[in-house]
Amino acid sequence: MSGEGPPVNGRDLLRIFVSLECPVCGGVPFDGSPNMLCRECLSGIRFLKPPFCPSCGGEYRGFLEVCPECLAGKKKRWDGAVAAFAMTGTIKELLHSCKYQGQPELARVIGDLAYMAVCDRLPKTDCIVPVPLHWSRALKRGFNQSACIAERLSAHTGVPCEPGLLKRVRFTGQQAKLGRKERLSNLSRAFSVPDSTNVKNRAILLVDDVMTTGATLSAATQALKRAGAGAVYVFCAVRRQRI
Ligand SMILES: [Zn+2]
Ligand SMILES: [Zn+2]
């Protein structure tokens with residue numbers, strides 16, 4: 001080192017280890033905490049508004065008991081569902097960068113924001129379980145974004161996160177390429193509970209990043225219930241409603 005270039009101050013040094021900026025635009029975090037969104041990106045989040053569909057946790061209007069999608073689909077297997085965001089704006093960007101640019105810290109930001117959004121309507125449970133990825137997908141991505149979100153919910157609530165409780169046993173591949181029937185039969189055998197004594201009579205909060213049709217969460221719920229779970233509630237950060 002010859003002493004050339006500008007001197008490195010403390011903030012620059014810290015920046016090497018911790019990202020201080022808004023992870024979406026590089027602006028100043030609204031609450032000053034590392035890796036948190038700036039005020040503008042925060043305002044780009046579409047929080048779901050009540051009334052909430054009791055079946056999927058999404059939004060619904062009018063006189064129906066459940067949202068149009070739940071009315072059209074099969075009755076859900078879980079005991080209740082909570083969701084935080086619509087798939088648009090800042091959350092869409094965060095999720096995309098998290099999954100396709102390999103940034104697990106963004107899933108943690110989503111988890112923190114989701115907790116803020118739903119803390120007063122989260123059901124009381126004995127443990128929190130993320131929907132597992134198949135090991136080959138986890139290996140490719142390096143992390144499971146649902147597990148990152150589940151860990152943040154656990155940190156805020158004090159309810160233990162127990163990811164080993166549910167395993168993905170079949171590689172379901174790119175579900176999007178399959179027809180609905182193939183997809184469901186593929187999924188129905190995708191999850192297993194290695195030790196049912198961990199599940200028996202317990203209330204479980206099952207966590208996923210996105211719910212679209214709910215088929216994946218339904219298959220995971222079924223596996224937990226078959227193993228003797230007392231109750232299964234579902235939490236998804238994003239409820240993607242198409243109707
Ligand atoms: Zn920003
Ligand atoms: Zn619904």
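In which helix does serine 146 lie? Serine 146 lies in helix H7 of a predicted model, where local features need pLDDT of at least 70, side-chain atom pairs count only at pLDDT 80 or more, and totals for chains, interfaces and linings use all residues. Residues are numbered from 1 along each chain as its sequence is written, chains are lettered from A and ligands numbered from 1 in the order in which they are written, and side-chain values use heavy atoms, with hydrogens and water left out.

The protein has 9 helices and 6 strands; these are DSSP runs numbered from the N terminus, helices being H or I with at least four residues and strands E with at least two. Of the 243 residues, 46% are buried. Buried means under 20% relative accessible area, exposed means over 50%, and partly exposed lies in between, with a 1.4 Å probe and protein chains only. The accessible surface comes to about 12900 Å², and carbon and sulfur atoms account for 54% of this area; areas come from the Shrake-Rupley method with a 1.4 Å probe, and for residues only the protein chains shown count as cover. Among contacts with a separation of 6 or more, 69% are between residues 24 or more positions apart, a contact being heavy atoms within 4.5 Å.

Serine 146 has a relative accessible area of 1% and is therefore buried. Apart from neighbours within four places in sequence, serine 146 is in contact with Pro130, Val131, Val207, Asp208 and Asp209.

Helix H7 (residues 145-157) also holds arginine 152. The side chain of arginine 152 forms a salt bridge with that of aspartate 112, at 2.7 Å from N to O. Aspartate 112 is in helix H5 (residues 104-118), so the bridge ties together parts 40 residues apart in sequence. A salt bridge here is a side-chain nitrogen of Lys or Arg within 4 Å of a carboxyl oxygen of Asp or Glu. Aspartate 112 is buried at 17% relative accessible area, while arginine 152 is partly exposed at 27%.

By this rule the count comes to 6 salt bridges. Another of them joins glutamate 162 and arginine 202, at 3.0 Å from N to O. Glutamate 162 is in the loop between H7 and strand E3 (167-168), and arginine 202 in the loop between strand E4 (191-192) and strand E5 (203-211), so this pair also ties together parts 40 residues apart in sequence. Glutamate 162 is partly exposed at 21%, and arginine 202 is partly exposed at 21%.

A further salt bridge links arginine 46 and glutamate 59, whose closest N and O atoms are 3.0 Å apart. Both residues are in the loop between helix H2 (39-43) and H3, 13 residues apart. Arginine 46 is partly exposed at 31% relative accessibility, whereas glutamate 59 is buried at 15%.

On the surface, Lys74, Arg77, Arg180 and Arg226 gather in a patch of positive charge. Patch residues have over 30% relative accessible area and no salt bridge, and like charges are joined within 9 Å. Lys and Arg count as positive, Asp and Glu as negative, and His and the chain ends are not counted. The place of a charge is NZ of Lys, CZ of Arg, CG of Asp or CD of Glu. Arginine 77 is in the loop between helix H3 (68-72) and strand E1 (80-85) and is partly exposed, at 38%.

Glycine 89 lies in helix H4 (residues 89-100). Its relative accessible area is 33%, so glycine 89 is partly exposed. Glycine 89 and leucine 42 are 9.6 Å apart in space, C-alpha to C-alpha, and 47 residues apart in sequence.

Terms used
Patch = residues over 30% accessible without salt bridge, like charges linked within 9 Å, V, L, I, M, F, W, Y side chains within 5 Å.
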